[in-house]
Amino acid sequence: MNAFESFFWTGFPYICMALLVIGLVWRYRYDKFGWTTRSSQIFESPMLRITSPLFHLGLLMVAGGHVLGLLIPKAWTEAVGVSQHSYHLVATFAGTGAGILTVVGMLGLVYRRLVTKTVRLATTPNDIFMYVLLAAPILLGCLAVALNQIFDSAGGYDYRETISPWLRSVLSFQPEATLMMGVPLSFKLHIVAGFLLFAIWPATRLVHVVSAPVMYPTRPYIVYRSRTEAISSTEVPRGWEPVATRPQKKGFSSTGA
């Protein structure tokens with residue numbers, strides 16, 4: 001393993017995670033009003049109502065699968081009676097389903113931004129940049145699963161022997177780059193793209209993911225009052241206003257003489 005490749009499995013993850021943490025802290029301190037999804041629902045709702053739940057549900061399933069497969073050691077699942085074959089089948093089918101939901105939802109969101117004029121006009125260069133770096137790890141992950149899990153005649157690649165221990169070594173601040181030497185290229189590109197996404201996360205609308213409505217149950221009610229109803233509730237006297245009740249201008253009589 002040369003020095004260039006070794007950098008990606010030792011220093012690169014820490015740079016990306018540092019940018020993630022520092023960026024989130026900075027934005028929380030100095031850009032609280034910008035801590036938002038910048039929702040475009042006001043511009044178009046029907047298509048968003050379908051594609052957004054698909055994308056978010058699929059992404060949550062993908063995230064859960066990554067936690068289970070990467071952070072939980074293989075020995076733990078085998079200790080509770082889950083064989084490698086059983087794990088491989090469940091991970092492949094569940095991961096494929098989650099990937100399909102995520103990709104379909106993402107394609108729908110991108111299509112909506114391209115086709116709906118109001119949404120397209122509200123799209124910023126930052127949004128485009130975010131979509132590119134968001135799509136990269138998702139599509140590369142689907143490619144890696146297809147090449148090394150679904151269509152692999154050897155029975156599938158066991159990433160829990162290489163990628164999982166490497167990631168845990170990184171999180172324990174003892175990176176073992178040699179574990180990544182035999183990893184397929186598609187998985188390596190997926191990992192690099194994923195860390196790049198973490199690095200730019202605080203600078204995009206994705207920042208809303210780390211928000212939680214903790215104070216929502218205890219916040220006071222927001223009262224909205226209609227101006228139209230307030231005006232319509234005012235009693236208006238019927239008929240003409242008597243001339244004698246009008247305020248008189250100085251120097252003129254009520255008859256106008």
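Predicted model: local features only at pLDDT ≥ 70, side-chain atom pairs only at ≥ 80, totals over all residues.
Biologist: What makes the largest nonpolar core a core, and which of its residues touch the most other members?
Modeller: A nonpolar core is a set of buried Ala, Val, Leu, Ile, Met, Phe, Trp, Tyr and Cys residues joined through side-chain atoms within 4.5 Å. A second, separate core of 18 residues includes Leu24, Val103, Leu206 and Val207.

Biologist: What is Trp9 in contact with, leaving aside neighbours within four places in sequence?
Modeller: Contact means heavy atoms within 4.5 Å. On that basis the partners of Trp9 are Met1, Trp166, Val170, Pro175, Ala177, Met180, Lys188, Ile191 and Val192.

Biologist: Why is Cys16 called buried, and why is Cys142 called partly exposed?
Modeller: Buried means under 20% relative accessible area, exposed over 50%, and partly exposed in between (1.4 Å probe, protein chains only). Cys16, with 2%, is therefore buried, while Cys142, with 31%, counts as partly exposed.

Biologist: How many disulfides are there, and how do you know?
Modeller: A disulfide is a pair of cysteine sulfur atoms within 2.5 Å. By this rule the count is 0.

Biologist: Is His190 buried or exposed, and what does it contact?
Modeller: His190 lies in helix 9. Its relative accessible area is 17%, so it is buried. Beyond four places in sequence, the contacts of His190 are His66, Pro137, Leu140 and Gly141.

Biologist: What makes the space lined by Gln84 and Tyr157, among others, a cavity?
Modeller: On a 1 Å grid over the protein atoms alone, a cavity is a set of points where a 1.4 Å probe fits but cannot get out; a pocket is an open set with protein on both sides within 12 Å along at least five of seven lines, and lining residues have an atom within 4 Å of a point. The structure holds 1 cavity of 30 Å³ or more, and the largest cavity has a volume of about 40 Å³. Its lining is Gln84, Tyr87, His88, Ala91, Gln149, Tyr157, Asp158, Tyr159 and Arg160, with helix 5 (residues 84–115) giving the most, 4 residues.

Biologist: Which residues line the second largest pocket?
Modeller: Val110, Arg113, Leu114, Arg120, Thr123, Ile128, Tyr131 and Val132 line that pocket, whose volume is about 200 Å³. Helix 5 and helix 7 (125–150) each supply at least two of the lining residues.

Biologist: How many helices and strands does the protein have, and what makes a run count as one?
Modeller: Helices (H or I, at least four residues) and strands (E, at least two) are DSSP runs, numbered from the N terminus. The protein has 10 helices and 0 strands. Of its 257 residues, 32% count as buried.

Conventions: Residues numbered from 1 in each chain as written. Heavy atoms only, no water. Points joined across faces, edges and corners; volume = space filled by probe spheres on them.
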